[in-house]
Amino acid sequence: MNTHYKRLLYFFLLFGMALQAEAQSTLSQVWVPDLGDGTYKNPVLYADYSDPDVVRVGTDYYLTSSSFNSAPGLQILHSKDLVNWTIISAVFREQQPIAEFQKPQHGNGVWAPAIRYHNKQFYIYYPDPDHGIYVTRASNPAGPWETPKLIKEAKGWIDPCPLWDEDGQAYLVHAFAGSRAGFKSIIAVSRMSPDGLQLIGDDVLVFDGHANHPTIEGPKFYKRKGYYYIFAPGGGVTTGWQTVLRSKSVFGPYEDQIVMDQGKTTINGPHQGAWVDTPDGKEDWFLHFQDQGPYGRVVHLQPMVWKNDWPVIGADPDGDGKGEPVLTYRKPKVPGAAQPLATPATSDEFSANSLGLQWQWHANPQMGWAYPNGAQGFLRLYAVPLPTGFKNYWQVPNLLLQKLPAETFTATAKLTFTPRADGEKVGLMMMGLDYAYLSVTSQGGQWRIAQNTCRNAEKLTLETGTVPIVTPPAKGPLYLRVQVLAGGKCRFSYSIDGQQFENVGEVFQAREGKWIGAKVGLFCSRVGKTNDSGNADVDWWHIEP
């Protein structure tokens, strides 16, 4: 082999090793569902990807989920085998209406979406319970996506899902939010234009779940062997079951059957998700959520079979046609070699000129909150003035947060704090209906390190704080940490050298947010307005055991 080819081979070897190292660096250290022996464990997504929906296109699977008030919103995940998932995009950077979501709208915004592929385009339909039904399209799921279009102005319409029939007709199924519509537990279907961009004619009631399936919602529309199927959860988020409706006519009448519930397992409320098959059509699978309180609605993968034209989801040990969840199972049989291990990104070295896709703000991002500096490997957070009438951080939009990635983990941020005025603060936060954070505040030329806690934050109650540790400003980086133990118990600590950490405050019990799990991340704030601002340069963020 001549020298030229040796150099080329060496180059490609190094390039391959670099790619492998990059892939390994994004692999979670705290939860990997692929067991590496042809089996997997649930949840396949140990994070709050609530109300998941999935579509298969060729040999690729794409998942989206509710994002509520968070932005960027409607994150898109990709997988080849339904077990190993990565985040590849988000549909929008700013939520519509843009001005309305400049402030946190906890529990509002994007509720349960549906993702489908039709005429070589991806469609996502999603509801805003206060505005109506939106649709957006893309030729590539990695984007760009069209600006969401409001196709039905309606208060209380939720959980839309389209169906394109073999004859070219199109339909949209949806449910109702009692908090807005004034009634719930029913499913309705509307005709839709073939391009999927407008509804036609009257909305038709096709199923009333009050008697046997209270709070039926989250419908997903399919057709198989002449039957129209509506997969819809009943019974409520934490204790419900998976219902399936079927009819030979799109407008009913529909028969109903429970096809999965908790059974004798520890998996509460297994329901609301997506039916998909393998590329060869020989296997069927179902992804659904399980509510885990502060961890949010984590995603499980279940085997699915058909019996007498009804689906049976999960294991069915007594053969009664009603399945129960599995905790471990063999992986789906998909084409090609076993897929490399993959998980949604959590840690971040901030080496890119854009924020990692795992991060979301608590409202539409605004200029001046954060600036990536990939060349120097840090993210700069500026100290943003607290909003007028500030009571607690429930009101603050510039919280940079991500989903909890496992039951137990440790989150650590290495940062350099450069305040320029009294009252500027940088903190590491566990956010929810109750929240707590560890912060460093500049005051009188000194730093004050303390843990603050707020109970029932949505009621705008005031925080309580520990007696601050008063110290001269650090001459170098500072490390902020939260250790999350089983059940969501959180212990905050800090370090000057990254080796010895000092605990601050009492153990805090994390609590879910408004329709979401707790979220963890960073903020930088100040009191009052000046013509310049201090900042925190975040060198890295690590999620570790």
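1. Two strands pair if DSSP finds at least two bridges between them. Helices (H or I, at least four residues) and strands (E, at least two) are themselves DSSP runs, numbered from the N terminus. On these terms strand β25 (residues 378-382) and β38 run antiparallel and are joined by four bridges.

2. Some ground rules come next. The model is predicted, so local features need pLDDT of at least 70 and side-chain atom pairs count only at pLDDT 80 or more, while totals for chains, interfaces and linings use all residues. Residues are numbered from 1 along each chain as its sequence is written, and side-chain values use heavy atoms, with hydrogens and water left out.

3. Overall make-up. The chain has two helices and 38 strands. Of its 545 residues, 57% count as buried; buried means under 20% relative accessible area, exposed over 50%, and partly exposed in between (1.4 Å probe, protein chains only).

4. Overall dimensions. The radius of gyration of the chain is 24 Å, which agrees with the value near 24 Å for a compact globule of 545 residues. That radius is taken over C-alpha atoms, and the globule rule is 2.2 Å times the number of residues to the power 0.38. Along the principal axes, the C-alpha atoms fill a box of roughly 75 × 75 × 45 Å.

5. Contacts and surface. Contact means heavy atoms within 4.5 Å. Among contacts in the chain between residues at least 6 apart in sequence, 58% join residues at least 24 apart. The chain exposes about 22300 Å², and carbon and sulfur atoms supply 52% of this area. Accessible areas come from the Shrake-Rupley method with a 1.4 Å probe; for residues, only the protein chains shown count as cover.

6. Charges. The chain has 48 positive and 52 negative charges, and their mean positions are 3 Å apart. Lys and Arg count as positive and Asp and Glu as negative, whereas His and the chain ends are not counted. The place of a charge is taken as NZ of Lys, CZ of Arg, CG of Asp or CD of Glu.

7. Strand β38 and its partners. Strand β38 covers residues 535-544, and eight of its ten residues are buried. In the pairing with β25, four bridges are found, and R380 has D537 of β38 as its bridge partner. Strand β28 (residues 409-418) also pairs with β38, in the antiparallel sense and over nine bridges. The bridge partner of T410 in β38 is E544.

8. F417, in strand β28. This residue is buried, with a relative accessible area of 5%. F417 and D537 are 120 residues apart in sequence, yet their C-alpha atoms are 6.6 Å apart in space. Leaving aside residues up to four places away in sequence, F417 touches E424, K425, V426, V440, S442, W447, N535 and A536.

9. Strand β14 (residues 220-224) has four of its five residues buried. It pairs with strand β15 (residues 227-234) in the antiparallel sense over five bridges. R224 stands opposite Y227 in β15. Two residues lie between the strands of this hairpin, and K225 takes a positive phi near 50 degrees.

10. G513. This glycine is found in the loop between β36 (502-509) and β37 (519-526). G513 is buried, with a relative accessible area of 8%. Apart from residues up to four places away in sequence, G513 touches G432, L433 and A518. G513 and T461 are 52 residues apart in sequence, and 15 Å separates them in space, C-alpha to C-alpha.

11. Cis peptide bonds. The bond from N42 to P43 is cis, with omega near 0 degrees; P43 has its place in the loop between β1 (39-41) and β2 (53-57). Another cis bond joins G143 and P144, where omega is about 5 degrees. P144 is placed in the loop between β8 (132-138) and β9 (149-153).

12. D159 has a positive phi near 55 degrees. D159 lies in strand β10 (residues 157-164) and counts as buried at 3% relative accessibility. L460, which is not a glycine, has a positive phi of about 60 degrees. L460 lies in the loop between β31 (446-454) and β32 (464-465), and at 33% relative accessibility L460 counts as partly exposed.
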